[in-house]
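This report goes from the overall fold to one helix. Look over the model before reading on.

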Amino acid sequence: MTVQHFTPEGMLQPAPYHHVAVGTGTKHVHVSGQVARRADGTPVAPGDLAGQVAQALRNTALGLAGAGASFTDVLRLTFYVTRWSPEKIGDFMTGVEAVADEIGLRLPMAPASLIGVEYLFEPDVLVEVEATAILD
């Protein structure tokens, strides 16, 4: 197994992600921040956090696949969300759950961080996703 995800007893549960990942491969894959854009740059789901999370994860899956990886190889996910507040977690998780089966994202996810930011590179971008994976 290249990546093992787990949450040791005594760590916060339930959480939508595992707290620990152990990777045992030699090829590292880093997918840069993906946003809710189609390949031609067309915005997807303007103003809709759930829709943008879903599309950004789809784009992350494409990046992983391009390197011969998938979400089962992911050690860590980082989400940047504009103007974050705890009340947005429902919409955020709706976006994750909407595409999990489609893109092979197992829940709970790999260890993840959700970081609130004031602004991303364009005003309509609500979320950006980065992934780190490891392959044998």
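## Burial and surface

A residue counts as buried when its relative accessible area is under 20%. By that cut-off, 42% of the 136 residues of the protein are buried. This is a predicted model.

The protein exposes about 7100 Å². Carbon and sulfur atoms supply 54% of that area. The charges number 8 positive and 15 negative. Their mean positions lie 3 Å apart.

## Fold and dimensions

Two helices and six strands make up the secondary structure. Along the sequence they run β-β-β-α-β-α-β-β. The radius of gyration is 14 Å, close to the 14 Å that the globule rule gives for 136 residues, so the protein is as compact as a globular protein of that length.

Along the principal axes, the C-alpha atoms fill a box of roughly 40 × 35 × 25 Å. Among contacts with a separation of 6 or more, 74% join residues 24 or more positions apart.

## Helix α2

Which residues of α2 are buried? They are F92, M93, G95, V96, V99, A100 and I103. An α-helix has 3.6 residues a turn, so residues three or four places apart point the same way.

Just after α2 comes G104, with a positive phi of about 75°.

Notes. Residues are numbered from 1 along each chain as its sequence is written. This is a predicted model: local features need pLDDT of at least 70, side-chain atom pairs count only at pLDDT 80 or more; totals for chains, interfaces and linings use all residues. Side-chain values use heavy atoms; hydrogens and water are left out. Helices (H or I, at least four residues) and strands (E, at least two) are DSSP runs, numbered from the N terminus. The radius of gyration is taken over C-alpha atoms; the globule rule is 2.2 Å times the number of residues to the power 0.38. Buried means under 20% relative accessible area, exposed over 50%, partly exposed in between (1.4 Å probe, protein chains only). Contact means heavy atoms within 4.5 Å. Accessible areas come from the Shrake-Rupley method with a 1.4 Å probe; for residues, only the protein chains shown count as cover. Lys and Arg count as positive and Asp and Glu as negative; His and the chain ends are not counted. The place of a charge is taken as NZ of Lys, CZ of Arg, CG of Asp or CD of Glu.
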